[in-house]
Amino acid sequence: MNAATVSPRWCYWHAKQHPHHPTQLNFLHLHHPPPRFPYLKGLSVSVSGWDDKPFEILESGKRSYLDEQDVVTFLDPPKDLIPLDPSSYNPAAYLWKKIEDIPEERRHQLLLLLNPRLISRAWQIAGTRYANSKLVKKSASTLLSNSNNDAVMPEYYNCRTSGGPMPISWINSFRKAIFSCKDGKAYGRLIGGSVFDAFTNSFTPLYFTVSQLKEVMSTEQPCDIAYEFGDGLYDIKELPQSFPKPVKHPYPFNDHLVIYVRYLGPGVSVGQAWQEGKKLEQVPQKLCSEILMVKDYSLLQDQ
């Protein structure tokens with residue numbers, strides 16, 4: 001069987017060749033779980049009677065599901081394993097499938113499991129998605145892929161990044177909302193952490209337009225969509241309930257800030273925020289590290 005066509009878990013790894021081995025040893029993890037995190041010791045593997053997804057019992061007594069570990073291990077493989085020939089599979093397609101395997105109500109765990117380095121790695125892998133004609137047509141957002149915008153509720157996402165400048169350090173952990181209007185246009189807004197909720201709701205709702213930009217201006221790399229903040233003074237006719245009216249953005253959101261987004265999997269995206277500047281001579285700079293965005297499915301259940 002050709003390794004490129006094998007779909008079971010971790011089929012794309014093979015062992016490194018060691019000096020004392022005359023030939024390279026290939027192996028496919030067809031019936032075994034993927035490599036574990038190096039810091040998880042004394043674990044047991046179980047299958048719940050209520051949930052057919054395998055999980056590990058940590059020393060703390062908490063469950064660690066293998067589907068989430070698959071994503072982490074793919075982004076940060078053990079040093080004694082290396083990928084097969086990249087031309088034999090599409091990394092973005094494999095990652096999309098692994099995220100799809102995680103139940104919607106558990107995908108938020110990725111926000112805790114992926115550190116800034118792995119979020120940046122996810123951005124890079126998402127870039128290989130554009131080489132797959134079928135995968136590039138998929139969307140991580142139900143709202144943005146639905147032609148009947150009237151029937152779609154606003155989508156909320158929990159987001160995580162690092163390196164946000166001190167005046168807006170709340171951006172390291174924030175929420176995002178996306179909504180559409182009857183005229184077909186889509187908008188969104190950033191919502192600060194719990195300490196800043198009242199402030200952002202009243203004074204700086206930080207609205208943006210969802211644009212069909214397909215390239216990061218500063219790097220000429222591909223993307224799926226972009227969030228353009230502009231000056232914030234948008235004439236939005238149909239705001240979701242309890243959303244404040246748009247006001248002028250404070251700095252740096254009014255300095256031609258754009259968040260470029262790549263779809264990573266169902267309900268999961270990764271973005272780059274660029275402060276491109278209003279002055280022609282201004283050199284664009286990244287506002288923070290790559291941003292992981294995971295849809296909040298709990299709100300849909302409540303609704």
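This is a predicted model: local features need pLDDT of at least 70, side-chain atom pairs count only at pLDDT 80 or more; totals for chains, interfaces and linings use all residues.
Q: A polar contact is a pair of N or O atoms within 3.5 Å; within protein, one must be able to donate a hydrogen and the other to accept it, and residues adjacent in sequence count only if both atoms are side-chain atoms. Which backbone oxygen does the side chain of Arg 189 reach?
A: The backbone oxygen of Pro 205, at 3.3 Å. Residues are numbered from 1 along each chain as its sequence is written, and side-chain values use heavy atoms, without hydrogens or water.

Q: Why is Arg 189 called buried?
A: Its relative accessible area is 2%. Buried means under 20%, exposed over 50% and partly exposed in between (1.4 Å probe, protein chains only), so Arg 189 qualifies as buried. Arg 189 is found in strand β8, residues 186-191; strands (E, at least two residues) are DSSP runs, numbered from the N terminus.

Q: How do you know that β8 and β9 pair?
A: They share three bridges, in the antiparallel sense. Pairing asks for at least two DSSP bridges, so this passes. In β9, Thr 209 is the bridge partner of Tyr 187. Three bridges also join β9 to β10, again antiparallel, with Ser 211 opposite Ala 226 in β10.

Q: What makes β9 a mostly covered strand?
A: Five of its five residues are buried. Tyr 207, Thr 209 and Ser 211 cover one side, with Phe 208 and Val 210 on the other.

Q: Why does Ser 242 count as exposed?
A: At 68% relative accessibility, Ser 242 is likewise over 50%. Ser 242 lies in the loop between β10 and β11, and its phi is near 75°, also positive. Most residues other than glycine have a negative phi, and most peptide bonds are trans.

Q: How do you know that the peptide bond from Tyr 251 to Pro 252 is cis or trans?
A: Omega is near 5°, and the bond is cis. Pro 252 is found in the loop between β10 and β11.

Terms used: Helices (H or I, at least four residues) and strands (E, at least two) are DSSP runs, numbered from the N terminus.
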